[in-house]
Amino acid sequence: MNTSIDSITLVHPDDWHLHLRDGAHLAAVVGHTAAQFARAIVMPNLKSPVTTVALARDYRERILAARPKAGAGATFEPLMTLYLTDNTSAAEVAAAKASGFVHALKYYPAGATTNSDAGVTQLERAFPALAAMEKHGLPLLLHGEVTTPGVDVFDRERVFVDSVFAEVRRHFPALRVVFEHITTREAAQVVTEAPANVAATITAHHLLYNRNAIFQGGVRPHYYCLPVLKREEHRRALVAAATSGSAKFFLGTDSAPHPRHLKEHACGCAGCYTAHAALELYAEAFDAAGALDKLEAFASFHGADFYRLQRNTGTVTLQRMPWQVPAEFTFGSETLVPLRAGESLAWKLA
Ligand code: DOR
Ligand code: ZN
């Protein structure tokens with residue numbers, strides 16, 4: 001990697017946690033990701049979740065059809081995941097492994113977030129699938145929050161660490177696990193202390209913001225995501241983990257588009273849209289930490305190594321060049337408000 005003050009060149013990065021949606025919404029956003037990343041782990045939480053290999057095959061075809069037809073984005077590769085339910089069978093897991101295009105299964109606690117009603121209601125119900133995943137070497141991707149009534153929304157991840165995460169580790173010690181979009185010191189610590197088969201993704205927004213961002217002069221729905229932004233001490237712990245050089249931590253944007261009217265709503269949807277400027281936002285966070293030299297491994301090496309995929313060839317270059325983020329994007333028949341809409345970013349992908 002070549003680091004100078006005003007320009008960084010990285011091996012082509014991948015996004016290890018992404019929401020692409022479907023139909024006109026998919027068509028509206030896939031170009032942003034394809035312009036920046038070679039590959040992405042695509043989340044399966046469609047309105048009708050992607051629970052089988054057959055559904056994942058069809059969804060993959062729709063993503064490929066929606067990719068840019070020319071330019072760098074034309075070779076963007078979606079890496080598919082299945083949505084784990086109480087009823088996912090060992091046979092489906094074996095078929096996922098055999099498919100070659102399904103790379104992981106995603107655990108959502110039922111009711112935790114967008115389109116999670118079909119999620120796991122009790123971990124034991126997923127044991128046959130988890131045993132098959134451990135056997136076949138398919139990673140489990142964890143949405144790490146408990147949804148038990150009575151648990152404070154800011155404590156949902158910390159409680160998950162000591163309950164569901166601990167249970168998964170105890171029963172399936174060889175299972176490869178990605179603790180997705182970690183938001184707390186406790187999650188960073190438990191991943192750091194675990195063996196090499198446990199890793200975590202970290203979003204750009206959790207590196208850049210603490211929970212004050214949601215309440216800056218009024219309610220700011222475009223900073224509302226799940227797991228929700230936490231206190232400054234947690235943001236600092238995430239920055240320390242991401243810039244540590246540890247192979248356990250890698251880039252996953254959790255870019256999660258929702259139409260403007262459903263974000264700016266009496267009961268607004270969770271999700272920050274960051275695909276339009278993902279690498280720029282990560283560069284800002286690493287730059288602020290004085291750790292631009294750690295960005296390439298985080299963005300381009302650690303995830304591929306964990307997923308046992310080849311690292312990409314080719315490079316991308318970020319330049320220090322202020323530019324203004326558009327106020328909104330077209331999103332099918334609706335509009336989409338990106339993170340930092342109308343504001344300036346210091347870095348720009350060349
Ligand atoms: O903020 C979020 N948005 N968190 C999630 O876990 C899901 C995502 C979405 O799909 O909108
Ligand atoms: Zn997500």
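A backbone N or O atom of glycine 271 lies 3.2 Å from an oxygen atom of ligand 1, a pair that falls under the term polar contact (N or O atoms within 3.5 Å). Taken alone, ligand 1 exposes 290 Å², and the protein buries 100% of that; such areas come from the Shrake-Rupley method with a 1.4 Å probe. This is a predicted model, in which local features need pLDDT of at least 70 and side-chain atom pairs count only at pLDDT 80 or more. Residues are numbered from 1 along each chain as its sequence is written, and ligands are numbered from 1 in the order in which they are written.

Other residues also contact ligand 1. For leucine 226, a backbone N or O atom lies 2.7 Å from a nitrogen atom of the ligand, while asparagine 45 places a polar side-chain atom 2.9 Å from an oxygen atom of ligand 1. In total, 13 residues surround ligand 1, where a residue is counted if one of its heavy atoms lies within 4 Å. This shell divides into four nonpolar, seven polar and two charged residues.

Histidine 17 counts as buried because its relative accessibility is 0%; the term means under 20% relative accessible area (1.4 Å probe, protein chains only). Histidine 19 is also buried, at 7%.

Conventions:
Heavy atoms only, no water. Polar contact = N/O pair within 3.5 Å; in protein donor to acceptor, adjacent residues only side chain to side chain. Nonpolar A, V, L, I, M, F, W, Y, C, P; charged D, E, K, R; others polar. Buried < 20%, exposed > 50% of the residue type's maximum accessible area, 1.4 Å probe, protein only.
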